Amino acid sequence: AISEAFLNEDARVLILDLPPQTEGEKQRSQLEGASYFKCDVSDSKEVELVLDGIFSKRMHIDVLINNAGILYNAPLVGLSPSGLVKHSIDAWDRVISVDLNSVFYVSMNVAGHMVKNRTKGVILNISSIAANGNKGQSAYSAAKAGVKALMHTWSKELGPLGIRVLNVSPGFCETESTSNVMPVSVLDEIKREIPLKRLGSASEVADVVLMAVKNDYLSGTTIEIDGGLKI
């Protein structure tokens, strides 16, 4: 949805992503007008290699959207018929790697290119209202809180160089990943708690992203789009 919003503005869209696995991902990978680059953004060396290849072709990046993310739902500890159950260490490492480390890796390389070439630009991260802490999402909440902290840090460091940094923080939205990790009963309960009584859409988030990128005085802030829900 974000890529489509920028394509509709006649922007050149470059997408760094893993090869599509599901049917939905395959459909999105065929987005007309976008250029795709195979890249695991949680791998620092792969990120550097792919971006160096892009820059070597005399392409520049004016706007970076850090949007890679995965979810894992589990309490820190719990009790089952077989005894004490602890949060998966592998899941913790993977979520932090994809949701937080990738933001650092990609931003460092893109910002470096902007600074080297003395060009202005925008780094926009997709955070989440889970950055405030959400039950059953230790890794995801920690990663999104980390993204928020990086935004505040980088806006102070890069602002004087003409690079704006900000976050868009969605609430619960109708996405494939949401439906994969949350049962319908849980989503129904969440809808009852949201003042607008529904989940958000990807296109609504994309609209906010586009607005934020276009506003040259927005930096160092998080824009929440959550239907009024506070957690």
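1. Strands, as the term is used here, are DSSP runs of E of at least two residues, numbered from the N terminus. Leu79 has its place in one of these, strand 4, which covers residues 77-80. The structure is a predicted model, and the remarks that follow should be read with that in mind.

2. Leu79 counts as exposed because its relative accessibility is 78%, and the cut-off for that class is over 50%. Together with Leu76, Val77 and Leu84, Leu79 makes a nonpolar surface patch of about 470 Å². A reader who has the model open may wish to begin with this patch.

3. Asp90 belongs to helix 4, which runs through residues 89-116. With a relative accessibility of 63%, Asp90 also falls in the exposed class. Between the C-alpha atoms of Asp90 and Ile163, which are 73 residues apart along the chain, the separation is 35 Å.

4. Lys214 pairs with Glu9 in a salt bridge whose closest N and O atoms are 3.1 Å apart. Because Lys214 sits in helix 8 (residues 202-214) while Glu9 sits in the loop between helix 1 (2-7) and strand 1 (13-17), this pair ties together parts that are 205 residues apart in sequence. As to accessibility, Lys214 is exposed, with a relative accessible area of 53%, whereas Glu9, at 40%, counts as partly exposed.

5. A salt bridge is also formed by Asp216 and Arg164, where the closest N and O atoms are 3.8 Å apart. Asp216 is found in the loop between helix 8 and strand 8 (222-225) and Arg164 in strand 7 (residues 163-170), so parts that are 52 residues apart in sequence are tied together by the pair. Which of the classes, buried or exposed, applies to Arg164? Arg164 is buried, its relative accessible area being 9%, while Asp216, at 65% relative accessibility, counts as exposed.

6. In the salt bridge between the side chains of Lys230 and Glu224, the N to O distance is 2.7 Å. Lys230 is exposed at a relative accessible area of 60%, and Glu224 is partly exposed at 38%. Salt bridges with shared partners join Glu224, Lys230 and Asp226 into one network.

7. The search of the whole structure finds one cavity of 30 Å³ or more, and the space in the largest cavity comes to about 30 Å³.

8. The lining of the second largest pocket as a whole holds eight nonpolar residues, three polar ones and three charged ones.

Technical notes: Residues numbered from 1 in each chain as written. Predicted model: local features only at pLDDT ≥ 70, side-chain atom pairs only at ≥ 80, totals over all residues. Heavy atoms only, no water. Nonpolar A, V, L, I, M, F, W, Y, C, P; charged D, E, K, R; others polar. Patch = residues over 30% accessible without salt bridge, like charges linked within 9 Å, V, L, I, M, F, W, Y side chains within 5 Å. Areas by Shrake-Rupley, 256 points an atom, 1.4 Å probe, with all protein chains shown as cover. Salt bridge = Lys/Arg side-chain N within 4 Å of Asp/Glu carboxyl O. Helix = DSSP H or I, 4+ residues; strand = E, 2+ residues; numbered from the N terminus. Buried < 20%, exposed > 50% of the residue type's maximum accessible area, 1.4 Å probe, protein only. 1 Å grid on protein atoms, 1.4 Å probe; cavity = no way out; pocket = protein on both sides within 12 Å on 5 of 7 lines; lining within 4 Å. Points joined across faces, edges and corners; volume = space filled by probe spheres on them.
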